[in-house]
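Dear colleague,

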Amino acid sequence: MSTHRQAPAPLSRREQILREAARLFAERGFHGVGVDEIGAAVGISGPGLYRHFAGKDAMLAELLVGISGRLLTGGRRRVAEAAEAGAAPAEVLDSLIDGHIDFALDDRALIILHDRELGQLRDSDRKLVRSLQRQYVELWVDVVRRLHPGTLEVEVRAAVHAVFGLLNSTPHLGRPGALPARTAMAALLRRLALGALGSLAG
């Protein structure tokens with residue numbers, strides 16, 4: 001599986017707003033950030049944000065629903081591409097792990113937001129996030145069960161959740177500058193994830 005990462009496309013104004021909102025919410029908490037501050041971070045007036053979003057609640061919902069949806073869509077794409085290429089289950093799992101590591105290293109603010117601010121969402125948005133997450137878990141469970149067919153499903157699901165916890169620990173490991181370089185950190189996380197899931201064969 002190729003791990004080549006393409007250069008990101010330029011961000012739209014809406015994406016710039018979301019990126020800065022995520023950073024500020026993660027740094028100071030959802031209630032500790034005003035609309036004016038988010039606007040200042042992207043060079044527009046606070047009221048100008050309302051041309052893009054109804055308010056802070058809408059930004060938070062789009063951030064948390066959006067990342068859950070992107071993880072699921074990306075995971076499904078990786079599984080489909082692997083199936084089309086006739087890849088073995090181990091290769092499919094490798095691809096899923098690589099995709100989640102990209103998220104864990106590149107979207108640390110969103111991990112913090114999910115952990116700390118999920119309860120701020122409306123019930124309907126929170127239920128949507130949970131639904132997307134369950135589908136993402138089941139995608140992994142299906143692949144891992146094909147790799148370890150003799151393992152109980154409940155053990156596989158617990159292992160998958162444990163690996164997510166491991167990979168999503170990146171915001172709590174220190175400032176980005178205090179961690180190994182991105183390539184080395186990705187390789188470390190990959191070894192840890194494969195080691196944890198490989199223990200199912202024991």
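Glu27 counts as exposed, with a relative accessibility of 52%; here buried means under 20% relative accessible area, exposed over 50%, and partly exposed in between (1.4 Å probe, protein chains only). The structure is a predicted model, in which local features need pLDDT of at least 70 and side-chain atom pairs count only at pLDDT 80 or more, while totals for chains, interfaces and linings use all residues. Residues are numbered from 1 along each chain as its sequence is written, and side-chain values use heavy atoms, with hydrogens and water left out.

The side chain of Glu27 meets that of Arg23 in a salt bridge, at 3.3 Å from N to O. The term denotes a side-chain nitrogen of Lys or Arg within 4 Å of a carboxyl oxygen of Asp or Glu. Arg23 and Glu27 are 4 residues apart in helix H1, so about one helical turn separates them. Helices (H or I, at least four residues) and strands (E, at least two) are DSSP runs, numbered from the N terminus.

Arg23 also forms a salt bridge with Glu20, at 2.8 Å from N to O. These two residues lie 3 apart in helix H1, which again means a separation of about one helical turn. Glu20 is buried at 12% relative accessibility, whereas Arg23 is partly exposed at 35%. Arg19, Glu20, Arg23 and Glu27 are linked in a network of salt bridges. Side chains of opposite charge can pair when their charged atoms come close.

**The two domains**

The protein chain is divided into domain 1 (11–53) and domain 2 (56–201), with bounds taken from an automatic or database domain assignment. Their C-alpha centres lie 26 Å apart. In contact across the boundary (heavy atoms within 4.5 Å) are 18 residues of domain 1 and 14 residues of domain 2. The area buried between the domains is about 1,300 Å², and carbon and sulfur atoms give 71% of it; buried area is the accessible area (1.4 Å probe) that two parts lose on being put together, summed over both.

How many salt bridges occur between domain 1 and domain 2? The count is 1. Glu62 forms a salt bridge with Arg14, the closest N and O atoms being 2.6 Å apart.

On the side of domain 1 that touches domain 2, helix H1 (13–28) and helix H2 (35–42) are the elements that give two or more residues. H1 gives the most, with 10 residues.

**Elsewhere in the chain**

A search of the whole structure finds 17 salt bridges. One of the pairs is Arg157 with Glu153, at 2.7 Å from N to O. Both belong to helix H7 (residues 153–167), where a spacing of 4 residues separates them by about one helical turn. Arg157 is partly exposed at 22% relative accessibility, and Glu153 is partly exposed at 33%.

Yours sincerely
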